[in-house]
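This briefing covers a single protein chain.

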Amino acid sequence: MVNNIYGQAIRDMEKMRVEEKIDHIKNAIPDDLYKVLTEEWHRFVKSSVKKGQGERELVEFDYFFELFMKFPH
């Protein structure tokens, strides 16, 4: 469970601010796994921009990641 800046407990990820989502995820998984995932995500976004996908908004990458994580792989 995450507390927002007003001290209220939030359980619905959709109602969380970006910073709250990051803290929630960071606290829910092991530190070494979080480090690997953030490094790989950074590498993916940077690579996509270099390969001509620079017109995409960062929000789109979040959507792609969310969509990807919904399916078994």
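**Salt bridge and its setting**

R43 has a relative accessible area of 47%, so this residue counts as partly exposed. The model is a predicted one, and R43 takes part in a salt bridge with E40. A search of the whole structure finds 1 salt bridge.

- The side chains of R43 and E40 meet at 2.5 Å, taken from N to O.
- E40 is also partly exposed, because its relative accessible area of 42% falls between the cut-offs of 20% for buried and 50% for exposed.
- Both residues lie in helix α2 (residues 31-53), and being 3 residues apart there, R43 and E40 are separated by about one helical turn.
- Side chains of opposite charge can pair when their charged atoms come close.

**Nonpolar surface patch**

- Y63, L67 and F71 make a nonpolar surface patch of about 320 Å².
- Y63 is found in helix α3, which covers residues 58-69.
- With 47% relative accessibility, Y63 counts as partly exposed.

**A buried tyrosine**

- Y34 is found in helix α2.
- Is Y34 buried or exposed? Y34 is buried, because its relative accessible area is 19% and the cut-off for buried is under 20%.
- Leaving aside residues up to four places away in sequence, Y34 touches I22, K26 and I29.

**Chain-level fold and surface**

- The chain contains 3 helices and 2 strands.
- Along the sequence, these elements follow the pattern β-β-α-α-α.
- The chain has 73 residues, of which 12% count as buried.
- The accessible surface of the chain comes to about 6,500 Å², and carbon and sulfur atoms account for 58% of that surface.
- Among contacts between residues at least 6 apart in sequence, 3% join residues at least 24 apart.

**Confidence**

- The average pLDDT of the chain is 76, and 71% of the residues score at least 70.
- Where in the chain is confidence lowest, and where is it highest? Strand β1 (residues 2-3) has the lowest confidence, with a mean of 62, whereas α2 has the highest, at 83.
- Where pLDDT is low, the predicted coordinates should not be read in detail.

Technical notes:
Residues numbered from 1 in each chain as written. Predicted model: local features only at pLDDT ≥ 70, side-chain atom pairs only at ≥ 80, totals over all residues. Heavy atoms only, no water. Patch = residues over 30% accessible without salt bridge, like charges linked within 9 Å, V, L, I, M, F, W, Y side chains within 5 Å. Areas by Shrake-Rupley, 256 points an atom, 1.4 Å probe, with all protein chains shown as cover. Salt bridge = Lys/Arg side-chain N within 4 Å of Asp/Glu carboxyl O. Helix = DSSP H or I, 4+ residues; strand = E, 2+ residues; numbered from the N terminus. Buried < 20%, exposed > 50% of the residue type's maximum accessible area, 1.4 Å probe, protein only. pLDDT = per-residue confidence, 0-100. Contact = heavy atoms within 4.5 Å.
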